[in-house]
Amino acid sequence: MRNFKNYDIWIDGIELSDAIYDLCEKFPPKEIYQLESQMERAAVSIPSNIAEGAGRRSVAEFAHFLDIALGSAYELETQLIIAHRRKYISDELFNQTDDTLVSLQKRIGTFISQITNK
């Protein structure tokens, strides 16, 4: 078993989740059960799937859950773009959050490659 708390991608996923919750607090009330809820679930899914995969026995299973985490990161990026287009978040906050998210996506993808090519 792997200790998921030692992975930078998990730590950064937790921090991103906090940031998304803070960001979503600024959304209009009509979005509480719509975009806000979807964004929060996608953000939470990233570190959750990293943790779940780390608890699996095989590298293939771990990589599978990392793939799910990566998919959630892309889902969140799409939702972030929609929130920005709807003017729920500023250009500055969008760019900062998107940069953080894209960096995390790249690092998850790299990590998947590293563990599956051993």
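## Salt bridges

The structure holds three salt bridges. A salt bridge here is a side-chain nitrogen of Lys or Arg within 4 Å of a carboxyl oxygen of Asp or Glu. This is a predicted model, in which local features need pLDDT of at least 70 and side-chain atom pairs count only at pLDDT 80 or more, while totals for chains, interfaces and linings use all residues. Residues are numbered from 1 along each chain as its sequence is written, and side-chain values use heavy atoms, with hydrogens and water left out.

Start with Asp 12 and Arg 107. They form a salt bridge, and their closest N and O atoms are 2.7 Å apart. Asp 12 sits in helix H1 and Arg 107 in helix H4, so the pair ties together parts that are 95 residues apart in sequence. Helices (H or I, at least four residues) and strands (E, at least two) are DSSP runs, numbered from the N terminus. Asp 12 is partly exposed, with a relative accessible area of 23%. Arg 107 is also partly exposed, at 30%. On this scale, buried means under 20% relative accessible area, exposed means over 50%, and partly exposed lies in between (1.4 Å probe, protein chains only).

## A linked trio

Which residues are linked in a network of salt bridges? They are Glu 52, Arg 56 and Glu 61. Glu 52 meets Arg 56 at 2.8 Å, N to O. Glu 61 forms a salt bridge with Arg 56 too, with the closest N and O atoms 3.8 Å apart.

Each member has its own accessibility value. Glu 52 is partly exposed at 37%. Arg 56 is partly exposed at 28%. Glu 61 is partly exposed at 32%.

## The nonpolar core

In soluble globular proteins, nonpolar side chains tend to be buried together. In this model, the largest nonpolar core has 34 residues. A nonpolar core is a set of buried Ala, Val, Leu, Ile, Met, Phe, Trp, Tyr and Cys residues joined through side-chain atoms within 4.5 Å. Phe 27, Met 39, Ile 46 and Leu 76 have the most contacts inside this core. H1, helix H2 (35–54), H3 and H4 each supply at least two of its residues. The largest share, nine residues, comes from H3.

Look at Ile 46, in helix H2. Is Ile 46 buried or exposed? Ile 46 is buried, with a relative accessible area of 0%. Contact means heavy atoms within 4.5 Å. Leaving aside neighbours within four places in sequence, Ile 46 is in contact with Leu 16, Ala 69, Ser 72, Ala 73, Leu 76, Leu 101, Leu 104 and Ile 108. Ile 46 and Leu 76 are 30 residues apart in sequence, and their C-alpha atoms are 9.4 Å apart in space. With residues up to four places away not counted, Leu 76 touches Leu 16, Ile 20, Met 39, Ala 42, Ala 43, Ile 46 and Leu 101.

## A buried serine

Ser 17 is found in helix H1. Ser 17 is buried, with a relative accessible area of 7%. Not counting residues up to four places away in sequence, Ser 17 touches Ala 43, Val 44 and Pro 47.

## The largest pocket

Rolling a probe the size of a water molecule over the atoms shows where empty space is left. The largest pocket has a volume of about 170 Å³. On a 1 Å grid over the protein atoms alone, a pocket is an open set of points where a 1.4 Å probe fits, with protein on both sides within 12 Å along at least five of seven lines; a cavity is a set from which the probe cannot get out. Lining residues have an atom within 4 Å of a point. Points are joined across faces, edges and corners, and a volume is the space filled by probe spheres set on the points.

The residues that line the largest pocket include Asp 12, Leu 16 and Ile 20, as well as Leu 93 and Thr 100. Helix H1 (8–24) and helix H4 (91–116) are the elements that give two or more residues to this lining. H1 gives the most, with seven residues. The lining divides into five nonpolar, three polar and four charged residues. Ala, Val, Leu, Ile, Met, Phe, Trp, Tyr, Cys and Pro count as nonpolar, Asp, Glu, Lys and Arg as charged, and the others, Gly among them, as polar.

## The loop between H3 and H4

Lys 87 is in the loop between helix H3 (59–85) and H4. Most residues other than glycine have a negative phi. Lys 87 has a positive phi of about 65°, although it is not a glycine. Lys 87 is exposed, with a relative accessible area of 72%.

Ser 90 is also in the loop between H3 and H4. Ser 90 is partly exposed, at 42% relative accessible area. Ser 90 and Phe 62 are 28 residues apart along the chain, and their C-alpha atoms are separated by 36 Å.
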